[in-house]
Every structure is written in C-alpha cells, then in structure tokens.
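Welcome, and please open your viewer. We will go from stop to stop, selecting a few residues each time and looking at what surrounds them.

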Amino acid sequence: MPAISLKGIGKKYRIASSKSLRLREILSFGKKQHSQDFWALQDIDLEVQPGTTLGILGRNGAGKSTMLQIISGVLQPTTGTVEVNGRLTAIFGLGSGFNPEFTGRENAMMNGLILGMDRREMLDRFEEIEAFADIGDFIDHPVRTYSSGMKSRLGFAVAVNVDPDILVIDEALAAGDAAFKKKALQRMYELRDSGTTVLFVSHSMGMVSRFCTDAVLLHRGHMIASGTPDEIVSEYRDVLEKAQGQKGGTKNTE
C-alpha cells in the first residue's frame with residue numbers, strides 16, 4: 001500500500017486582474033466575465049511508497065506548494081483523488097497553522113492533539129519538543145511575539161517529534177541560524193533512516209541530491225519528469241537554462 005497516492009489531481013483558481021473587476025463579476029451573478037481560470041496543477045499522478053524520501057523541484061509558481069498542501073489536506077483538489085496512509089505532519093513556511101494569541105506551549109499541545117496524539121503522550125514528549133525548539137522562556141509567550149526564526153524552530157520541533165509516518169517539508173530550513181539548520185537536518189536524516197516517508201521541497205539541488213531517494217520535477221502545473229535525484233536535478237538545470245536563455249533573447253530584441 002503506498003504512503004501517498006495522487007490520481008488525476010488538478011487545482012483550479014479563478015483570477016481577475018483586479019478586485020474591482022472580480023466584484024463586478026460577482027454582482028452580475030456571472031453574466032459578465034472579468035476573470036479567467038488558472039490551473040495551478042493539472043493531471044498529477046503520483047505514488048509514493050513508504051520509506052521514500054521524495055524531492056520536489058521546480059521554479060517558483062510550478063505548483064510545488066499547492067501539491068503539498070493538497071496532500072496535507074490544507075487544500076481540496078478541483079479534480080482527482082488523494083489517498084494518504086499514516087500520520088502526516090507538515091511544515092509550511094514559518095510556523096503556519098499556529099494561533100498567534102496562544103503560547104508556544106499551547107500551540108504545540110494543540111497541534112499534537114490534532115494529529116491524534118493523546119494529552120498524556122504530548123506531555124511526555126513536550127520536554128523534547130521544548131529542548132529542540134530552544135526558544136527559552138518564549139515557549140510560554142504568545143506566538144505573536146515571536147520572530148520568524150522562533151516560529152520556524154517551534155513548528156519544526158513539533159512536526160519532527162510526534163512520530164510522523166509521513167513528513168512534508170516546504171522550504172522549512174530557509175529560516176533560522178546555522179546551528180539550528182544543522183540540528184534540523186540531522187533530525188531529518190534520523191527520520192529518513194528510521195523509515196519515515198519524507199516529501200521535501202527545496203530550491204537547493206545539492207540538498208535534493210544528497211538527501212532524497214527519488215525526485216520529481218514540476219513545471220507550470222504539470223509533472224514533467226520523475227526519477228532518481230541526479231536525473232531530475234539534471235532536467236531541472238535544463239529547465240533553468242532554457243528560462244534564462246529566453247530572458248536573454250527577450251533582452252536582445254528590445
């Protein structure tokens with residue numbers, strides 16, 4: 001049984017050039033069209049086997065974060081079906097999902113309970129979460145008082161210390177100091193080596209090559225390649241070079 005199965009996944013948004021035009025469309029009950037469909041993802045078929053570490057590469061706007069949010073249940077797909085087998089934790093950006101009025105401790109407890117852990121289990125694990133986050137007395141302060149790095153630390157600490165079967169990471173190591181990044185990376189390797197399925201979005205091709213067992217490449221909402229990390233990194237470089245060449249060509253014609 002795959003850890004994750006995506007079949008025919010698509011995600012469509014309605015976009016307008018301005019809020020006023022979108023409002024005019026709504027007020028006309030759709031009789032006047034001032035917006036158009038934008039497909040952030042189309043025709044995505046993917047199976048991820050348990051224990052896989054999948055690197056997801058693609059330029060900005062390729063659909064990487066949208067795909068992870070659909071897998072994590074944050075977004076509902078417009079088309080297709082999603083199947084996830086196991087406890088999934090996700091890290092999107094800097095402490096997203098935290099209630100800014102709750103303390104770090106309260107947010108950590110709440111996140112654990114949402115993931116299906118009981119209160120006693122979370123209390124037993126909290127010392128480890130607190131030590132990993134290493135934010136001192138701020139653990140009992142409202143999250144709205146945190147810096148972006150502190151939110152990132154706490155979010156990561158909770159996600160990796162609740163025994164996930166599947167860990168989804170969307171550029172989670174972009175913030176934080178060098179010492180924390182090293183500690184977080186070590187924990188990711190431990191989870192990978194223990195059999196946790198990991199989905200990893202990063203712009204670092206070297207990191208994908210070193211850390212992942214498999215990789216896929218997204219481009220303009222489509223999955224255009226899948227294979228070994230080295231194969232996909234090579235294809236991604238080709239995509240980047242073509243894009244750079246097109247920019248250069250545009251400049252030369254001006």
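Start by selecting Thr66, which lies in helix α2 (residues 64-71). Helices here are DSSP runs of H or I with at least four residues, strands are runs of E with at least two, and both are numbered from the N terminus. Before going further, note that this is a predicted model, in which local features need pLDDT of at least 70 and side-chain atom pairs count only at pLDDT 80 or more, while totals for chains, interfaces and linings use all residues. Residues are numbered from 1 along each chain as its sequence is written, and side-chain values use heavy atoms, with hydrogens and water left out.

Is Thr66 buried or exposed? Its relative accessibility is 13%, so Thr66 counts as buried; buried means under 20% relative accessible area, exposed over 50%, and partly exposed in between, with a 1.4 Å probe and protein chains only. Now show its surroundings: setting aside residues up to four places away in sequence, Thr66 touches Lys11, Tyr13, Ala40, Leu41 and Leu75. Contact means heavy atoms within 4.5 Å.

**The sheet**

Next, switch to a cartoon view and find the open sheet of 6 strands, ordered β5-β6-β7-β3-β8-β9 with mixed pairing. Two strands pair if DSSP finds at least two bridges between them. β5 (88-92) and β9 (222-227) stand at the edges with a single partner strand each, so one side of each has no neighbour in the sheet. On average, neighbouring strands of this sheet are turned by 15° against each other, direction ignored.

Select β5 together with strand β6 (residues 166-170): the two run parallel and are joined by 5 bridges.

Now move to strand β3 (residues 53-57), where 5 of its 5 residues are buried. Show the side chains: Thr53, Gly55 and Leu57 point one way, Leu54 and Ile56 point the other way, and all are buried. β3 pairs in the parallel sense with strand β7 (residues 197-201) over 4 bridges, and with strand β8 (residues 214-219), also in the parallel sense, over 4 bridges. Which residues stand opposite Ile56? In β7 the residue is Val201, and in β8 it is Val216.

**Helix α5 and the cores**

Axes are lines fitted to C-alpha atoms, for helices over the stretch in contact, and angles run from 0 to 180 degrees between N-to-C directions.

Then colour Leu154, Phe156, Leu167 and Phe200, which touch the most other members of the largest nonpolar core, a set of 43 residues. α5 gives the most to this core, with 7 residues. Such a core is a set of buried Ala, Val, Leu, Ile, Met, Phe, Trp, Tyr and Cys residues joined through side-chain atoms within 4.5 Å. Apart from it lies another core, of 24 residues, among them Ala3, Leu54, Val201 and Val216.

Zoom in on Phe200: leaving aside neighbours within four places in sequence, its contacts include Leu54, Ile169, Met188, Met207 and Phe211.

**Two helix pairs**

Bring in helix α6 (residues 178-193), whose axis comes within 11 Å of that of α5, crossing at roughly 15°. That makes α5 roughly parallel to α6; angles under 35 degrees count as roughly parallel, over 145 as roughly antiparallel, 65 to 115 as roughly perpendicular and the rest as oblique. Arg153, Phe156 and Val160 of α5 make the contact with Phe180, Ala184, Arg187, Met188 and Leu191 of α6.

For the other pair, select helix α3 (residues 104-114) and helix α4 (residues 119-133), whose axes come within 10 Å and cross at roughly 130°. That makes α3 oblique to α4. Here Arg105, Ala108, Met109, Gly112 and Leu113 in α3 meet Arg119, Met122, Leu123, Phe126 and Glu130 in α4.

**Last stop: two loops**

Finish with Asp163, in the loop between α5 and β6. Asp163 has a phi near 50°, a positive value in a residue other than glycine, and at 44% relative accessibility it counts as partly exposed. Arg220, in the loop between β8 and β9, also has a positive phi, near 50°. With 63% relative accessibility, Arg220 counts as exposed.
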